Amino acid sequence: MNSEPSGQITRRDALKTLSVAGAGAATLPLWVTTLVEVAQARAATSAPTSAAQSAITESVFTQAQHDTVDLLSELIIPETDTAGGRQARVVDFIDAILSDAPGPERDRFLDGLQWLDERSGGLFGATFAAASPEQQTALLTLLASPENHTPADRTGVEFFQAMKSLTVTGYYTSRIGMLQELDDNGAVMFDEKLGCAHPEHRA
Amino acid sequence: MAAQDQQYDVVIVGSGATGGWAAKQLTEAGLTVAVLEAGRKLDPEVDYTEHKRPFDMPFRGRRLGTEARQARQPVQSLCYQCDEYTNHLFVDDTEHPYTTPADRPFHWIRGKHVGGRSIMWARQTYRLSDYDLKAASHDGFGVDWPLDYATLAPYYDIVERYIGVSGQAEGLPQLPDGQFLPPMALTCGEEILKTAIRQEFGRTLTIGRCAILTEDLNGRPKCHYCGPCSRGCRTGSYYSSVSSSLPAAEATGRLTLIPNAVASHIEVDDAGKCRSVYYVDRITRRQREVFGKAVVLCAATLESTRIMLNSTSDRYPTGIANSSGVLGHYLMDHVTGGGASGVLPVLKGVPDTRGNRPNGIYIPRFRNLEDRQPNFLRGYGYQGGARLVKWGHAGSIAGFGATFKQEVRETRPWQISLGGFGEHLPRYENFCELDKNRVDAWGIPILHISAAYGENEQKMVDDMADAAEEMLRAAGAEDIAVRRAISIPGLAIHEVGTARMGDDPTTSVLNGFEQAHDIDNLFVMDGSGYASSACQNPTITFMALATRACEYLVEEFRASRL
């Protein structure tokens, strides 16, 4: 398989790919935690043989929403010496998760996207995607620093936490994330596993 | 040829760890054997997913599935091994219902296919000792087993030599050494913990003893360390009945394996002895009968007892082998939930040395051996390990962008974790019985299971938590999170008892050869016979007991005493 498997997901089910580890659950708002808990409570139930036959369902995103989430994933984990969120197709992963999310949680995420554009409009006179890279970074910095924001920014702060959690999980479990960033080359055959080679650890 | 036309020397119900083993031993001794297996044959090329990576899977391998499938596995999905890679190896709960009291939940994790749970098991193999087999003599609670360690030891030897168990000899009386293949290696963090707890507490940490080959053995290649054994193993490098014992049984030409055969009950003859096993064909739903001169139940704890309880007749109105009235009682499952996790700052920057090692560490029981704990009887062992976390810490790192990405790389923590597995005291009031008002998908009455942990287990979990925290501190761990939420029975998947062994036919179901006191040609060779749970992972003991029982069965068969 050469591309990310986003198209094979029955999107109603993809919520379950959220992880506590990727989400930093202890500090998250309740609605994000709810997504995480639902994900943990649900079973893996589609056999490998049947998964590929699952229907491709429609995106929850408009084109503009899709492009904004795609942009956000790249801003959170950008291309450096390894590829970033965009090449890892994090947007498709998030789309799939939202498709499976309970309605209220999905709506809060989409509301957050709308909030982001409105806040960007108020600050910069442009949607988030149309703002300059410096403006985008400035707004995200505000949202990523809880001590800086006002109660009016709460929607945006929570949205950023959800967006970041989903980006982390989607990126580090992608082919690009695993093979490039984690240098986990996928070789599954080893002659043996070496243990600790440091005498000081045995004291 | 219709199955009912066939008469076998022995009919075995179940093809898992012990059913496969009994089939091997009995066919090699010259007996003809039919093995009834409730499920299908797996196809390794389709059903084994050990070489899939997260990005090969539609949901990245996490706990997920369609809404429709989710509704069909509400219990199985609670198992840590049941995920996107493996859900097809676990039963459909809607086809396999059971009931519990509302305030006494029991999570019953099952896999029905050729090989049973020996496909998905965690492969940890620890011998019992006389601290376990003679525990009642030690502290006065419950009953001793009808055999001691010296009696059982040669049978452990036989099993270990054939299936292959890697491990490190430690010379501990509470955890006897076995016939070990070379041990796997400890990671840096595990070495640090090992040194610290030996120095501070005089306790032992050893690499997990596991039924995974570290050298080629009996035609099976050694492990290639791909990691996720519980998804199946195409090279057969860990013990499952499919990789090891069933092929040996088939090679004798005396094995008839009947998949899709859902056993419902045993039929007795006029003399009150087992005559045949009735089963429902899973595909056609037709009832069939297969005849044997002896019957060996290896359907797993609870399922074997269910078959016996459902084998009623004028002679045996409360079920077969139940003159004592204890059939179904003394259900046990290891208690878990106490433990701790932390990070080892001293290892900052040290690369991962664990890789995909499919094994953890073990800290053998240290309570109530020579000492006497004030708060609880018996003891527990820990399983766990130390490894480098590659990205799971990312959610706790602030910010975004290139600096965030770099910080995730540079702050990978060495996580260390311990979780206890404790003994569950045998109590009459923890039991199963037939719920005759309900049937499963094949029309067979289901079980009502009523079990709970008590004060002893709760106090043990508290001690697991405290002692784990203390040991992690001794190793220099920081950010320690202590866990002390007691588990739900069933989830350790070490369920044992309900047809316990004993010398007294009025208080036990089986004798020390796992033969029913009431019926000479009925044997139960899975975990049902446990008289007390001990705290060690039980499968190797099931197999050692079965080896001794099969040896006895063959002698009795040849002497025409069955």
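At what angle do the axes of helix α4 and helix α5 of chain A cross? In this predicted model, the axes of α4 (residues 63-76) and α5 (residues 90-100) of chain A cross at roughly 120° and come within 8 Å of each other. Because of that angle, α4(A) is oblique to α5(A). The crossing of α4(A) and α5(A) is right-handed. On the side of α4(A), the contact is made by A:H66, A:V69, A:D70 and A:S73, while α5(A) contributes A:V90, A:V91 and A:I94. Sorted by class, the residues in this contact of α4(A) with α5(A) are 4 nonpolar, 2 polar and 1 charged.

Strands of a sheet pair through backbone hydrogen bonds, in either a parallel or an antiparallel manner. Here the sheet is open and has 6 strands, in the order β5-β11-β12-β13-β10-β16 of chain B, and the pairing is antiparallel. Its edge strands are β5 (206-207) and β16 (478-484) of chain B, each of which pairs on one side only.

Within this sheet, strands β10 (residues 338-343) and β13 (residues 414-422) of chain B run antiparallel and are joined by 5 bridges. B:V343 stands opposite B:Q415 in β13(B).

Definitions and conventions. Residues numbered from 1 in each chain as written. Chains lettered and ligands numbered in written order. Predicted model: local features only at pLDDT ≥ 70, side-chain atom pairs only at ≥ 80, totals over all residues. Pairing = 2+ DSSP bridges. Helix = DSSP H or I, 4+ residues; strand = E, 2+ residues; numbered from the N terminus. Axes fitted to C-alpha atoms, helices over the stretch in contact; angles between N-to-C directions. Parallel < 35°, antiparallel > 145°, perpendicular 65-115°, else oblique. Left-handed = near helix turned anticlockwise from the far one by under 90°. Contact = placed C-beta atoms within 7 Å. Nonpolar A, V, L, I, M, F, W, Y, C, P; charged D, E, K, R; others polar.
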